[in-house]
Amino acid sequence: MNIATVIQAFVSILWLVVVGLIVLAVLRASRGYKVRSISITILAVAIIAVVLTSISAGLVFIQPEQRGVVISAIAPDGYRTQALQPGLNWIVPFMENVVVYQISQQTYTMSIMTGEGNIPGDDSISARTSDGQEVFIDSSVIFSVDPEEVIKVHIAWQDRYIDDLVRPLARGVIRDAISQFGVEEVYSSKRNELKAEITTKMGENLQENGLLLGDFVLRNITFSPEYAASVEQKQIAEQQAQQAKFVVEQRKQEAEQARQLAQGQADAVVIQAEGNADARIIEAEAEANALQKISGAISDNPEILSYLYISKINPGVQVMLLPNEDINYFYPLPNIGPTEMLDIPPTPTPQPTPTTTPSLPEPTPRPMETPES
């Protein structure tokens, strides 16, 4: 509450007091009582009320988001050339009055949806693109009165600047801008360019009329039912094409995976074959070395062949006859194999855990008894 409002409220109370005192004076006079003191009080209160009324009529408080245009009966042009600034201002009582304008931002919305726009019902903007397609535009214009051009706005538009300036200007600029773009450009590739062009042109036109454009919001673009159906069919076809492309790529990846798997298996077979071949080579070399050593051992000791022959005929022979000139001896054969005799390292084979067996005493050769003749 500002001081001008307080003074006006106090003045209203004084005038009520004056009216009440007048009624009281009339009642007392009708009953024959003296009303001199009441009359003096009425006069004093009335004088104070008049003075305060004059003062309150000359005080105007302007809020920070407002500017005031002074309409003056004593000014040459009928108005003051400077708008009232925020705070407490003085004007000539009963000769001037103030028209207050809001300079804070305002929003004017035009929408196809009921209840969203400033006007009930469908208030969207119908426009034609450069290729003849009809589109419907939902938009919002955020604007404000230029604080430096308040007097200009008052002279040109008064309080009609929303309905007579902002609305028709926005609809005209939007239609002109839409006509320069194709329908596909409007909703896809050049939508930002369209918005920028509308914002620029609308800002210039509003500024020429004392308004400032805060922002232009391109809320929505709606197409005719026929074109919307064709766009939907096109999108479905594109999605199907993308799906087919994805399937092809997936099949390629599966084929590549199968090829790599087959290549890996082939490599494994080759490696295994090479390993088997190397093993055969090593085995053949070992057999060749063994045969060479056997051949050398036989050439140095021919009796080995006799031993091997006897072992093959009767592997259980444990005693051999050693001939002598006077007496024949039987000598037990040691438990050795051909490989020990030939000094050939045997092929290692897994053996069971050896068990300790008592050693037998070596037999002593005994003479062979011959039958008496």
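Visitor: Which residue just after α1 takes a positive phi?
Guide: G32 does, with phi at about 90°. Helices are DSSP runs of H or I with at least four residues, strands are runs of E with at least two, and both are numbered from the N terminus. This is a predicted model, where local features need pLDDT of at least 70, side-chain atom pairs count only at pLDDT 80 or more, and totals for chains, interfaces and linings use all residues. Residues are numbered from 1 along each chain as its sequence is written, and side-chain values use heavy atoms, with hydrogens and water left out.

Visitor: How far apart are the end C-alpha atoms of helix α1?
Guide: Start with the expected span: 1.5 Å times one less than the number of residues. Helix α1 (residues 3-30) has 28 residues and should span 40 Å; its end C-alpha atoms are 41 Å apart, which agrees.

Visitor: Which residues are buried in α1?
Guide: Buried means under 20% relative accessible area, exposed over 50%, and partly exposed in between, with a 1.4 Å probe and protein chains only. In α1, the buried residues include A4, I7, V11 and L14. They pack against α2, β1 (59-62) and β3 (87-90).

Visitor: Is S140 buried or exposed?
Guide: S140 is buried, at 5% relative accessibility. It lies in strand β7 (residues 134-145). Contact means heavy atoms within 4.5 Å. Leaving aside neighbours within four places in sequence, S140 touches residues including Y108, T109, F216 and R219.

Visitor: How many salt bridges does the whole structure hold?
Guide: Side chains of opposite charge can pair when their charged atoms come close. The cut-off for a salt bridge is a side-chain nitrogen of Lys or Arg within 4 Å of a carboxyl oxygen of Asp or Glu. A search of the whole structure finds 11.

Visitor: Where do E197 and K201 lie?
Guide: Both lie in helix α6 (residues 191-208), 4 residues apart, about one turn of the helix. E197 is buried at 19% relative accessibility, whereas K201 is partly exposed at 30%.

Visitor: What separates E283 and R280 in helix α7?
Guide: They are 3 residues apart in α7 (residues 225-300), so about one helical turn separates them. E283 is partly exposed at 37% relative accessibility, and R280 is exposed at 55%. Elsewhere, salt bridges that share partners join D123, R167 and R171 into one network.
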